[in-house]
Amino acid sequence: MGVKGKVAIVGAGLTKFVRRAQETPKELAFEAARAALDSAGMTLDDIDCVIHGTAPDAFDGLHMKGEYLLDGSGGWKKPYMRGYVGGGTGVFAPIQGWYQLSSGLFETALVVCEEKMSSCMPHPQGAFLTIFDNLTERPLKPNLLWIFALEMNRYMQTYGISVKDIAHVSVKNKNNALLHPAAQLGKEITLDEVLNSEVLAWPVHREMVSPTSDGACAVILATEKRAKKITNKPVWIKGVGWNLDSSYWTNRDLAYPQYVENAARMAYKMAGIKEPRKEINIVEPYDPFAYKELHHLEGLLLADRGKAPQLAIDGISLRTGNMPVCPSGGLLGVGNPIAAAGLMKICELFWQLRGEAGPRQVPGKPKTGLAQAWGDLMQVGTVCVVGI
Amino acid sequence: MEVKGTTISKQDIESGKVLFTKGDPNAHYTWDTGIGIGRYLEGLREGKIWGTYCKKCNRTVVPPRVFCELCFSPVIEWKQLKDTGIINTFSICYVNWDASRVETPHLPAVIEIDGASKGCGILHVLDEVNPKEIHVGMKVKAVWKRPEERTGSILDIQYFKPY
Amino acid sequence: MADKVAIIGVGYTPPRPLTPDVSYKEMTYEAAVKSYHDANLSSHKDIDGFVTCAEDLLEGTSIFDEYTPDQLGAVQKPMHTISGDALYGIATAYMKIKTGLMNIVVVEAHSKASNIKTLPHILNYAVDPILNRPLNLHPYYIAGLEMQSFLAQTKTTPEQCASVVVKNKKNALRNDLSCFGANLTLQEVLNSAQTFSPLTKLQTVDHVDGAIVFVLASEKTAKKLHKKPIWVKGCGWISDSPTLETRNWDECDYAKLSSKMAYKQAGIKNPRTQIDFFEVDDTFSYKELQHLEAIGVYKKGTAGEACLKGDLNPTGKTPVNVSGGSLGIGSLLEASGGFRILEIIKQLRGEAGVRQLKKNKTALALAWRGIPTASGACVILATK
């Protein structure tokens, strides 16, 4: 087996990520889709199919949320399909775009991800109460912070990592986000400020958690033939991978995301990457919590197990370091409108590899980047390797 | 790069400056427990924790299931486990789901149940313990509701405590 | 375009109104085991990718994707969910195999409709939250509006719509998977309780539980594993506007355009002569007629007469819903389209028993995502 059609990203756009947007979900999706089309000099008539990504329906307070969002996303009278892997959706959506185009059925795709979490009152976390097993867990009234605190603690205990080691990620990403025009939480913050922030669920501190956000993000994909006509700087999707682990999360090893490794290996194989640490120039791993960036770098085989914290401590993962990680500012800094946040990482790579990231530009003319998202019950990894 | 999006505040909504509609979902379900979880819940009502053993994988899991998700075989054996275990991981949680502070911290933990294979645990909560003393590897025991109060629910175990 | 793609395995649990003995996981596991056996797979480990078709609020679980892998043998495998009918899942597997990345892909859909206690309220949760939801109406009024418009525009009569119910429930009597087979008269259908006029109660589906799992494979693998691979000739899916106020009520564009997309891939110019039989959505009586006209099998305003005359019967010129359709089998939510594909597979393999049609080379399935959507998908299958 070998993959046939090549697919490129030819346009990208997003809205501001904010705690509470005045725009309706459809309007947010529209603004992102419009910005992406404009960036590629295209109109909706040039689009063959639309892929939509959005996380739980409960946020926006809608059943069949994808159907509701379809006109805002440009899906009217087009082949429109919503793929779904919880928090991993933002990087899965371009993967879906990739297979829809690579199959030969379409030449262009508009990929739109949207989330309006503020509709859920009194707090968006309420939408997460029903993610737990209906029979064996929900009666315990677990909240979302529990499982991340449980996973973070297991990770720390297994490798002897301290909260301080992990806090470096918050400092880096929130500072990086200062230069992102869509960012919700970019700020100059010190290590002490992170460590002294309120403990929400030990070991998780407030400044180690991404915010709840409203926002949307979009990219345009095209087959090789079309991409070359649209732009002279296409960013190619070189490798894709996705992987889902068992739903029995209390029976799994929480210290290591094996499913992320599986997804990464699938993407590396397709991209022909043999030595990821040498060949990947920029990484945008999923960082809804500070420890997740580290967990994911290990799963992506970009750091040894238990050793990822050293990358931030030593400055290797700074924007100017040898392996920039989350130069966008990540979810911790730019914000976390779930599916849109994952696709924001793809946008960041698009701009970075084209040399269009402005003040955020990573030095050294990066050629290859990797974006990854994660979700469900700490169980899904989605990986996209892109390059010029 | 111009980025669109308009921030509003909670006050803008509360003061009526920005209009909104309200709706509560009337979404109700009665989930069939099936064979595996049905028997697990019945066991809890009797004060027992049931697991299942897959011979092919040599693995005893809890919650029990009527097929092994790894080798995909339906050949499993029911096995009664102990109501003790060790803490795989835990948290000390100071906030509710709506981000309000709690008076007494919640103490969720993944507890590897004695008799199940290593690494196979369940989610539950701890009590009768000083949060500062909780540690990974701590031995804990189920504290059951009185038999007449049990309903066949995970809540038939009130919590786990050190022993 | 890459290799051809075929369905080589199907497994299912018989649809029933209540299934209190099994959980959705156990039900799906049963369907998966049967499906993999039907496909002659030596192990679930041979499968490259998995797709579930589901919606959170129909499960009562946010991020339902979490609970999909175990019952399919998909632990630590490429798997994801599609929010759509099983036909969207078939299209997804079709595309993945065509990329050359995957060789064998599994598609699953199920219904535990009996576990949903407030289905109309949940459907109302799918209408526009600002403009429509505050009206607080049972959302089936949308079907009433659409049927009224369909009758007025095409001059189709209520009797013609009722004849769809009579036909499908009669067909269902010969399908051991059906829950609602019956010998009814037109008058019984028309005189049943008025619901969302012009709809009557018997012109509306009832919901049932069940699970279905398909195995799709690339040409080489399909031929190696199965004697009678059923080839996917074309897939289409289209959405019209979700906004009731701007939707084109006179055209059924999701059916028209999705079939057009599938016809193009399958090289079909005249569906009525090139396709032997049809399994199209009949969630409401008029939907079958509307769909047949939209997909170009009948001209506008002629499908009703054809049905009344018996042309859509199993022995007629254009057999439609020989399975009994959703009116006869019951609606399985997102799995509904899956049971249409099942009937086509049985017919094309020559395994449909008493229902076996003689002309059984090419068939079309059409799914609609139901109230309040204007979205649907179309799949064309053939023996060659």
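**Close-up views of a predicted model**

**View 1. The largest nonpolar core.** Of its 322 residues, A:V219, C:I90, C:L216 and C:V379 touch the most other members. A nonpolar core here is a set of buried Ala, Val, Leu, Ile, Met, Phe, Trp, Tyr and Cys residues joined through C-beta atoms within 7 Å. Buried means that 20 or more other C-beta atoms lie within 10 Å of the residue's own, with C-beta atoms placed from the backbone. Helix α14 (residues 338-353) of chain A gives the most to this core, with 11 residues. Helices (H or I, at least four residues) and strands (E, at least two) are DSSP runs, numbered from the N terminus. Domain 1 and domain 2 of chain C both contribute residues, so the core lies between them.

The model is predicted: local features need pLDDT of at least 70, side-chain atom pairs count only at pLDDT 80 or more, and totals for chains, interfaces and linings use all residues. Residues are numbered from 1 along each chain as its sequence is written, while chains are lettered from A and ligands numbered from 1 in the order in which they are written.

**View 2. The surroundings of C:V379.** Neighbours within four places in sequence are left aside. C:V379 is then in contact with C:L87, C:I90, C:A91, C:V232, C:C235, C:A262, C:I341 and C:A365. Contact means C-beta atoms, placed from the backbone, within 7 Å.

**View 3. The two domains of chain C.** Domain 1 spans 5-118 + 208-230, and domain 2 spans 119-206 + 231-382. These bounds come from an automatic or database domain assignment. The domain centres, taken over C-alpha atoms, are 23 Å apart. Across the boundary, 36 residues of domain 1 are in contact with 34 residues of domain 2. On the domain 1 side, α3(C) gives the largest share, 6 residues. By class, that side has 27 nonpolar, 5 polar and 4 charged residues. Ala, Val, Leu, Ile, Met, Phe, Trp, Tyr, Cys and Pro count as nonpolar, Asp, Glu, Lys and Arg as charged, and the others, Gly among them, as polar.

**View 4. Chain A against chain C.** Here 54 residues of chain A are in contact with 52 residues of chain C. Elements of chain A that each supply at least two residues include α4 (89-102), β8 (235-244) and α9 (258-271). β3(A) gives the most to the chain A side, with 5 residues. That side has 26 nonpolar, 19 polar and 9 charged residues.

Note on methods
Contact = placed C-beta atoms within 7 Å. Buried ≥ 20, exposed ≤ 12 C-beta atoms within 10 Å, placed from the backbone.
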